[in-house]
Amino acid sequence: MTTATRQRSETAEQILDLAETLIQTRGYSDFSYQDIADALGIRKASIHYHFPSKADLGVAVVNRYIDRFDAALAQVAGDESQSSMAMLNLYVQPYLQFARTPDRVCLCGALGGEMPALPEELRARVSHFFTTHQAWLTKLLKRGVARGEFHLPAPAPKVARAIFGALQGALLVKRATGDISQINDVIAVIKLQLAGPA
């Protein structure tokens, strides 16, 4: 967690919480400081005090999201006693949590759909999230193979990309259809493929 995150005021955290939800449900381009001000009962000047521009707010939201995910991934990877499948189960939990909501998707997945319209610094942070997660999954897959727990149909980096893309895509399809079995089925098939022949 960054020093800036630890030192933020309660108002700044409320702004970040709401901005994160708005991006996940409506998109970066479809919310304004006025939306946040109205929802929180504060003046737009209060938002500008903490986040001078919308780009500053977007980067702060993504950085906080990355910090949370990084901490969770480090905790999962730090427990060598767990099976690789158990680690994968922990990894997919946030996707399942988003799928249980009416319209939320992964923050960076939502932003990924708007990449051409995003400020450059925000695009860089979203790209970092994607590459970091694919690298983490690659390490997990290699660990699973080394321990005889996983059987891969292709090199680990390619399988990691397939898993990451499938999870992100399943969330979008679930939001469009309202059918949570979209994400459940994708996860079930991923596990079956990794487990290999019975």
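Buried means under 20% relative accessible area, and exposed means over 50%. The exercises below apply to a predicted model.

**Exercise 1.** Classify threonine 138 as buried or exposed, and find its contacts beyond near neighbours in sequence.

*Solution.*
1. Locate the residue: threonine 138 belongs to helix α8, residues 120-146.
2. Its relative accessible area is 12%, so threonine 138 is buried.
3. Leaving aside residues up to four places away in sequence, threonine 138 touches Ala156, Pro157 and Ala160.

**Exercise 2.** Determine how helices α6 and α10 are oriented to each other, and describe their contact.

*Solution.*
1. Helix α6 covers residues 84-99 and helix α10 covers residues 181-195; their axes come within 11 Å.
2. The axes cross at roughly 170 degrees.
3. Angles over 145 degrees count as roughly antiparallel, and α6 and α10 are therefore roughly antiparallel to each other.
4. The crossing of α6 past α10 is right-handed.
5. On the α6 side, the contact is made by Met85, Leu88, Asn89, Val92, Tyr95, Leu96 and Ala99. From α10 come Ile183, Asn184, Ile187, Ile190, Lys191, Leu194 and Ala195.
6. Sorted by class, the residues of this contact are 11 nonpolar, two polar and one charged.

**Exercise 3.** State the average confidence of the model, and describe the stretch of residues 1-6.

*Solution.*
1. The average pLDDT of the protein is 93, and 96% of the residues score at least 70.
2. For residues 1-6, the pLDDT is below 50.
3. Beyond near neighbours in sequence, residues 1-6 have five contacts in the model.

How values were computed: Residues are numbered from 1 along each chain as its sequence is written. This is a predicted model: local features need pLDDT of at least 70, side-chain atom pairs count only at pLDDT 80 or more; totals for chains, interfaces and linings use all residues. Side-chain values use heavy atoms; hydrogens and water are left out. pLDDT is the predictor's confidence in each residue, from 0 to 100. Contact means heavy atoms within 4.5 Å. Helices (H or I, at least four residues) and strands (E, at least two) are DSSP runs, numbered from the N terminus. Buried means under 20% relative accessible area, exposed over 50%, partly exposed in between (1.4 Å probe, protein chains only). Axes are lines fitted to C-alpha atoms, for helices over the stretch in contact, and angles run from 0 to 180 degrees between N-to-C directions. Angles under 35 degrees count as roughly parallel, over 145 as roughly antiparallel, 65 to 115 as roughly perpendicular and the rest as oblique. A crossing is left-handed if the near helix is turned anticlockwise from the far one by less than a right angle, and right-handed if clockwise. Ala, Val, Leu, Ile, Met, Phe, Trp, Tyr, Cys and Pro count as nonpolar, Asp, Glu, Lys and Arg as charged, and the others, Gly among them, as polar.
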